[in-house]
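Could you take a look at this model with me? I jotted down a few points to read alongside it.

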Amino acid sequence: MRRAGGERGRGLRPPGGAVRAPRCGGGGSERWAAEVAAAAGPAVRRMGSVSEELSLVPLHQRPELLEACAKLLGEEWGKSRASRLHTLQRSSDTFPASLLLLRSRGPTAAPAAWEGACQLVGHVRLSRVVGRPRDLFVESVVVARALRGQGYGRRLMEATERWARARGFICLHLTTHDKQHFYAHLGFVLGEPVQSVPFLSPAIPAVVLRLFSAPPGAATTTTTRPRVPSAPPPPLLPPAAPPPPPPPTMVWARGVLAESSGQSLLETPHRDAKGLPIFWMKKDI
């Protein structure tokens, strides 16, 4: 899976009411277990005769997984270990937040089927969006290569939505080069570019932070200048009637109805910094 891409596979939904505290040990796990049960709680998933528990954990609450997370991201996108660690260490409750999908042995699993207490399944990073205080930007979505094709990508995204929704956020944005069909099946639609905030610090002045939460087009200063009279403009000719807009084009791709504002799941007008086609997508949660 690539950046903001999706791992294909059919997700398995947890049995009704099956919510358990994660077995993975670590600092703050007891306090987090109560929170996650109400938001993106661990779900028991049965794989044949073996059951497992999946849970979504903020990385800053599990610092002992920092090295494993850096290795997971490095195997997918490269970059230096130091650069990865520097980015991951910024994870916090005030964003950006790195979320980890962990799996642990379920209550009916045989101990011999597991090498350790828990396993890192996937990672996703959430950042704030400029001018949209209730939106989040999703990036660095990845599932461990050995676990792909088993529905973990869907489970990772579903848990991320629940985590964000429980904290009052209402919309997720992301970009992808080639996993638009995966996200469309999860309910995402084509959208327009937004600007994410990669890092917020308490040292940033409050006036700057307010710019990130101000609605688009809002005035940022109250300074007024004296009005300078100008010559009256020449009379304007009546404008010609505009041509009628073309009828909307509905595009079906792999059973999914795509948005028709000049783009589709097969073609996009947007390009990334390298000039490659990129799809902007969003989902109201």
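Here are my notes, as numbered points.

1. Keep in mind that this is a predicted model.

2. Let's start with helix 2, which runs over residues 66-77.

3. Now, which residues of helix 2 are buried? They are L66, C69, A70, L72, L73 and E76. A handy reminder: an α-helix has 3.6 residues a turn, so residues three or four places apart point the same way. The cover over the buried residues of helix 2 includes helix 3 (81-88), along with strand 3 (97-105), strand 4 (118-129) and strand 5 (132-143).

4. Next, some backbone angles to check. Just after helix 2, G78 has a positive phi of about 75 degrees. K79 isn't a glycine, yet its phi is positive too, at about 70 degrees. You'll find K79 in the loop between helix 2 and helix 3, and K79 is exposed, because its relative accessible area of 66% is over 50%.

5. S140 is another non-glycine with a positive phi, about 50 degrees. This one lies in strand 5, and S140 counts as buried because its relative accessible area, 14%, is under 20%.

6. Look at the loop between helix 3 and strand 3, where P96 is found. A cis peptide bond links F95 to P96, with omega about 0 degrees.

7. Finally, cysteines. How many disulfides turn up in the whole structure? The search finds 0. C69 is buried at 0% relative accessible area, and C171 is buried at 5%.

Terms used
Residues numbered from 1 in each chain as written. Predicted model: local features only at pLDDT ≥ 70, side-chain atom pairs only at ≥ 80, totals over all residues. Heavy atoms only, no water. Helix = DSSP H or I, 4+ residues; strand = E, 2+ residues; numbered from the N terminus. Expected span 1.5 Å × (residues − 1). Buried < 20%, exposed > 50% of the residue type's maximum accessible area, 1.4 Å probe, protein only. Contact = heavy atoms within 4.5 Å. Disulfide = S-S within 2.5 Å.
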